[in-house]
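Morning, everyone. I have one structure to walk through today, and I'll keep it brisk. Please look at the screen.

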Amino acid sequence: MLTRARRLFRHFLRHRSTRVTTEGTRFLFFTLAVAVAAINTGNNLFYLLLAMMLSIILMSGIMAEYCLRRLEFHRHLPPLVYAGEPMTATVVVANRKSRLPSFSLRLWDVTGEQEIDRGLTVWQLMPGASHILSYPLIATRRGRLCFDGVRVGTSFPFGLFYKKAYYPLDGSVVVAPVVRPVEKTLLQRLSLLGQDFSLPRKGHGSDLYNLRQYHAGDDSRTIHWLSTARTSKLMVREMEAEDQRRVTLILSLLAPLSYDPQFEEAVSLTASMARDLGARGYQVRLIAGETRSHFGQGEAHLLRLMETLALCERSTPGRRESVSSFESASYDSEGGATILLVPWGEPRTLFRGVRPDGIVSESMLQGRHDAV
Amino acid sequence: MPFNQALRLSSVLLAAAAFIGLGLGANLPEWLLLLTGISLILTLLRTLDIDRFQRVFDRMRLSAMVWNILTVIAFAGFWADLLWISAELLPAGVHFLLILMVIKLFNLDQRRDYLHLYAISLMAILGSAASTTDLWYLPVFLAYLLMGVWTLLLYQLTKESGTGHSPASMTENAAVALQPGRREQITPELFWLANGLAVGALCLTVLIFFTIPRVSAGFGQKGSGEGLRTSGFSETVDLGMIGPIKRDPGIVMRVELSDRTGLQLDRFYLRGMAYDRYDGKSWTTRLAHRRALVESPAGTFSVRHISSRSPRPVGQLIRQTILLEALDTAVLFAAPHPESISGQFLAIQSDPTGAIYLPFPTSSRIEYTVHSSVTPVAPADLQSQPAVYTEVFKQHFLQIPESSERLGVLAREITQSKSSAYEKAQAVEAYLTKNYRYSLDIPSSVQTNPLEEFLFERKTGYCEHYATAMVMLLRAAGVPARLVTGFLATEWNEYGNYYLVRQRDAHAWVEIHLPNSGWVTMDPTPAVSEPSGDSQWFALSRVMDTLRLRWNRFFVQYNAADQLAVVRGLKEGTAVVRDRAWNSLSLLLAPAGDFAGKTLSYIVGGNVRLAAGFLSFVVLGVGLVIWLMQRKPWSRWRRSGPVIREHIVIGQIYRGVLKQIERHGIAKPRNATPQEFLLLVQQQWAAAAEFVATITELYCRGRFGKMILTQQEIDLAYHSLKQLTQLDPPAHT
């Protein structure tokens, strides 16, 4: 029973709170003074003034409550944002009351126990009307950014009390890691470390692979008329096989707590590389811990990769990571490149049997982190 | 009007309301009234942003240092006022308060200056409440309340508007900081809301005022000042003393009567004192020794008629509620023959003549209730009957001044044909009424024998002369009589149902003693027709006086006893209402109860079919009630909630889509859902499908998902509809 009462009390405290403002304190002081004067003198006109002041206090409470009642909130958030990049969040507040408008509303975002003031104010909200409030939001770190609700407050009508009400309004947005342009030198260094990303082969792509003399059976649509005219021989185009332009990014999630900056840098670099390679037309696959994606291209695929990277969590080395999964996944039978991103530990030990085309090691990540 | 300007205006008006209250209530020096009044008018003109005044004000602007010095000088002046000029705290404080108000009015720049002005206004209205109880305080209070609500509201709104800006000056910087847009303007909604708030605050004020417990410690209780000077109610009254006050319209009391049936509507006597001895020039009472009345129950004092020599016949009781202004006499007025008196009194006294007194004159307005009995003349007194009086009684009520032989002759002449005392009295009364002229224009020169001058020479006079003459003539004829002073109420206020009694209603009349009836009131003064003024003005003045009475009754005089009475009344009222409701319900349900009783007796009697029918009926009835409670079919006709503007807009757009598509021969079947209709469009007009799909989705989200659509989504829907209208018609048409 006591627990229930306490829970109820907490619930009430969370949903309604009232604070006396500076002006309110002065007003209460004057009310007390008038009350003393009324009791002392028994003058009914003093009692009348006292009643007026008490009625103003009561009206404050009643009107503030009416202002905060029957409001409806909706939150519009983008599906994914990048850490450090501004996005626009929108809160729609509607007055569901049939007669009374709401005045002087101020809104706070509530996340856990924290109230975040975004400077959102609604001066007047007529009955049945709604108001859209947009505000820039910059997520500082990747992960899922959750909002529990909205706290709305008002000091209307007389500014004597500040009353706040809580409206639960769940909302979340996936925050992808910080994405920065990937330096060309880094990709070159990676390609120097291992073999090139891929060996170009002829196939059915869009990039030119080779020009050669026409053989019987060649598709007449592939004749390259410019070279034919120049060499006086019938020449045909051979195109590069596009399915060979693909990369597997393998991110190790193993890192002790002290290596958290390097881990975050590895995640950020993985995201940056995924976007960069995707923009270059590569099919990108991501393996992060137990999570692995398929090869893919395009905005939707990139969003999936970013979501994976946004939500992946560092594993402490004590908990053994399944090395076999890397082994089985490391090879691309079609001949695509594999890049290992290892924030902690020796790549060869961690990924035994994996022959990566490029390795981003702990030291490289440390260097990049320091540079940032 | 922008918020800042409205705040300045309401603040000045608030101060003005408080100043008017103080000006009307407290005796302020003219120079101070003039100074504050001019300051308020100037500040008001400045607030209205009239350029010319603005420029003048800018030139007159003084530095903060000068204002501070002025404040210090005013404070020194307060002490001088307190110690030497007024020599009282309240007037000196009020003077200082007004000086401070003037200084603040010219110095209204920062937000804290406004707060100071509000505090000064509050003190001023408190000072006003301390110095008056008059009706005019009510409009001042109402104006103060209205302005107070507006001021607090605007103060809050300007504070909210200025959030994020530096706490700058209200006049210049804030005006620059705030862009004058609709947001900072007083909208019609805000205007009505503010006035509604004021009305709500007033209702709550009245409610709280009547319910707040009256706990009066009474350390600083103070009356309303000196009592109203009146005459004719001391132990000695010179003949002609009442005359000068017969032209004074000052209000002495108001008398409410619970029942006026059986009374003369135009003459209601309010008895004060009775006099037994006349020395030729003045009347004196020799029966002035007072005795305290017994209080039972609390607050009610029973009057014992010591001087009644025989048991009086018990007549009808008149209940009077009297609101008596502060007078310079301790006499309490009431209709003749008071039986009991109740009110907030510590003690009540009475003398052998039946006059009622307070222990000492009150310095404030008092209210009390008296029950008086109407004593008709006993039939036995109409017949001739020798009366035997004691010597003491004769000394008191048959006393005649020595040199009055002509009086005796006249008395015999008038009464010689009459046998009973009552007939003699009637004859004297008729004689005086018929043969003498009423006039207040009596020379004020010293008269050696005013009574004989009245009776035999001048033959004009007013109530005192008539009454004295009648008493003397009756005494000369052997009928015990005495002179009574009091008020004759003639001004009935039909709006408030009470008599308004003024100073000019002071009156003197006669009481004669009859063996069986006791003291009987008689009045030889002829009724004087008052010069009636403009009837509309009189009506208006009566309405005003009614308001004044209500104000005094319900606000100024309201006390803990009234609260208790209200609670008791409510309790009794509730019990009465409950009993009546129960009786009505019983009457209403009696036939149904009888029917149920008979049916039950039938069932008990063994009629199985009827029993089964009855039980089925009960079960069905209960089932129907449960069904109704759960399904609430009436909610279909009730609006489910406020309609959001965006929902209306998207509905209109969707209806536009349906109309547009119908033009091309694709009509929405009545039973098809929006999604089913979309499939139909996709099949029959593929080009339109994309736009219809967009609008359908938004429509479903807004209409059924209760989502509030953003302006961009509404724009998208509009855009899609526009594109739909520009499409080529489908191939099959």
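Let's start where the two chains meet. On one side, 48 residues of chain B are in contact with 46 residues of chain A. Keep in mind that this is a predicted model.

Which helices of chain B each supply at least two residues of the side that touches chain A? They are H6 (111–131), H7 (137–161), H9 (188–211), H15 (535–556) and H18 (645–663). The largest share comes from H7(B), with 10 residues.

Is H6(B) mostly covered or mostly open? Mostly covered: 15 of the 21 residues in H6(B) are buried.

Now zoom out to the whole of chain B. It contains 21 helices and 21 strands. Of its 733 residues, 34% are buried. Next, take the contacts in chain B with a separation of 6 or more: 77% of them are between residues 24 or more positions apart.

Over to chain A. This chain has 372 residues, and 37% of them are buried. It holds 10 helices and 16 strands. For contacts in chain A with a separation of 6 or more, residues 24 or more positions apart account for 69%.

Last stop: a helix pair in chain A. Two packed helices are described by the angle between their axes and the distance between the axes. Here the pair is H2(A), residues 22–41, and H3(A), residues 44–68. Their axes come within 9 Å and cross at roughly 150 degrees. Angles over 145 degrees count as roughly antiparallel, and therefore H2(A) is roughly antiparallel to H3(A). The crossing of H2(A) and H3(A) is left-handed.

Which residues meet there? From H2(A), we have Thr31(A), Val34(A), Ala35(A), Ala37(A), Ala38(A) and Thr41(A). Facing them from H3(A) are Phe46(A), Tyr47(A), Leu49(A), Leu50(A), Met53(A), Leu54(A) and Ile57(A). By type, the contact of H2(A) with H3(A) has 11 nonpolar residues, 2 polar ones and no charged ones.

That's the tour. Questions are welcome.

How values were computed: Residues numbered from 1 in each chain as written. Chains lettered and ligands numbered in written order. Predicted model: local features only at pLDDT ≥ 70, side-chain atom pairs only at ≥ 80, totals over all residues. Contact = placed C-beta atoms within 7 Å. Helix = DSSP H or I, 4+ residues; strand = E, 2+ residues; numbered from the N terminus. Axes fitted to C-alpha atoms, helices over the stretch in contact; angles between N-to-C directions. Parallel < 35°, antiparallel > 145°, perpendicular 65-115°, else oblique. Left-handed = near helix turned anticlockwise from the far one by under 90°. Nonpolar A, V, L, I, M, F, W, Y, C, P; charged D, E, K, R; others polar. Buried ≥ 20, exposed ≤ 12 C-beta atoms within 10 Å, placed from the backbone.
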